[in-house]
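Me: Here is a structure that I would like to read carefully with you. Please set each value against its definition before you conclude anything.

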Amino acid sequence: AIEYSEQSLELQEALVGPDHPPLGFTLPSLSQAYAVFGEYQKAAELSRQAVAIFEKVFGPNDPQLATPLNNLAYSLEGLEQYDEARTIHERSIDIVSQSWGPDHPQIAVSLLNLSSLEKQAGDFEAALDASQRAGEILTATFGTEHPLYAYAANNTGVFLMETGQAAQGIVHLQKALAIRVAADTDPVLIAVTRFNLGRALWEAGQRESGRRSVSEAEQELIAVGEMGEEDLAAVREWLAEH
C-alpha cells in the first residue's frame with residue numbers, strides 16, 4: 001500500500017504540483033498505511049500535508065477536512081500527544097457540525113475516535129461520554145442493528161466496565177457481539193468483543209460465564225492466525241491472571 005501510494009504521489013506532484021487537491025486525497029491513505037506500521041511521526045507529517053492542502057484549496061472550515069484531521073489526531077495519539085490530538089478531534093467535530101449538522105454520522109466517527117483517545121489518556125469518564133454520544137447519533141441515523149453501531153456499543157460497554165459499571169456494560173457488549181456475529185464481520189473484532197464481554201461478566205460477578213467467554217475468544221484468535229497475535233497475547237495474559 002505504501003509503495004503504490006508513494007508512486008501515486010510522485011506522479012501527481014510531477015503532473016499538477018505539490019499542492020493540488022488530488023494529493024490531499026492520496027496523502028491520508030499513505031498516512032494510514034504508515035500508522036499501521038506504528039510509524040506515527042511519518043503518518044502525522046503526511047496528515048499535516050493533507051490538512052494544509054485542503055485548507056488552501058477548500059478553506060479552513062470545509063467538512064472534507066474531517067478525514068485528514070482524524071488521521072492526524074490518530075497519529076498524534078500514537079505519539080502520546082493527547083492534548084493536541086483532542087483539540088484536532090474537537091475541531092473536526094465542530095467543522096462537520098457547522099456544515100452538515102450536529103447529528104451527522106461523521107461526527108459519530110470522530111466521537112468514537114475521541115473516545116479511544118480518552119481511553120489511551122486514562123480518562124474513562126470522558127471516553128464513556130464520547131462513546132455514548134456517538135451511539136445516540138448512530139442510533140438516530142442507522143438504528144441499533146447497523147455494524148457501525150457495534151463500535152459504539154462495544155466502546156460504551158468497555159468504558160462502563162472501566163468506571164465500575166460492569167453490569168450495565170454487559171448489555172452493550174452483548175449487543176455489539178450479536179451485531180458483529182450476525183454481520184459476519186472481521187473475526188478479530190468478534191473475538192475482541194467476546195473478550196471484552198467476558199471481562200465484564202467476570203467483573204460483574206459472573207465468573208464462570210466470563211472465563212468461558214474469554215476462552216472462546218482465545219480459540220477464535222488462534223483460528224485467525226497472525227492477524228490475531230497481538231490480541232491473543234492480551235487474552236492469554238488475562239486468562240493467566242484469572
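Me: Where in the chain is Phe58 found?
Reply: Phe58 is found in helix α3, which covers residues 40–58; a helix here is a DSSP run of H or I with at least four residues, numbered from the N terminus. Please keep in mind that this is a predicted model, in which local features need pLDDT of at least 70 and side-chain atom pairs count only at pLDDT 80 or more, while totals for chains, interfaces and linings use all residues. Residues are numbered from 1 along each chain as its sequence is written, and side-chain values use heavy atoms, with hydrogens and water left out.

Me: Why is Phe58 called partly exposed?
Reply: The relative accessibility of Phe58 is 32%, and the cut-offs call a residue buried under 20%, exposed over 50% and partly exposed in between (1.4 Å probe, protein chains only). Phe58 therefore counts as partly exposed.

Me: What makes Arg86 and Glu118 a salt bridge?
Reply: The term asks for a side-chain nitrogen of Lys or Arg within 4 Å of a carboxyl oxygen of Asp or Glu, and the side chains of Arg86 and Glu118 meet at 2.8 Å, N to O. Arg86 lies in helix α5 (residues 82–100) and Glu118 in helix α6, so the pair ties together parts that are 32 residues apart in sequence. Arg86 is buried, and Glu118 is buried as well.

Me: What makes Glu162 and Arg199 a salt bridge, and which helices do they tie together?
Reply: The distance between N and O is 3.7 Å for Glu162 and Arg199, and their side chains meet in a salt bridge. Because Glu162 lies in helix α8 and Arg199 in helix α10, this pair ties together parts that are 37 residues apart in sequence.

Me: How do you know what class Glu218 and Arg236 belong to, and what joins them?
Reply: Glu218 forms a salt bridge with Arg236, whose closest N and O atoms are 3.1 Å apart. The two residues link distant parts of the chain, with Glu218 in helix α11 (residues 207–224) and Arg236 in helix α12, 18 residues apart. At 15% relative accessibility Glu218 counts as buried, whereas Arg236, with a relative accessible area of 43%, is partly exposed.

Me: Why is Glu80 called exposed?
Reply: Glu80 has a relative accessibility of 59%, and therefore counts as exposed. This residue is found in the loop between α4 and α5, and its phi is positive, about 65 degrees, although Glu80 is not a glycine.

Me: What can be said about Asp184, its loop and its phi?
Reply: Asp184 lies in the loop between α9 (166–182) and α10, and its phi is near 50 degrees, a positive value in a residue other than glycine. With a relative accessible area of 65%, Asp184 is exposed.
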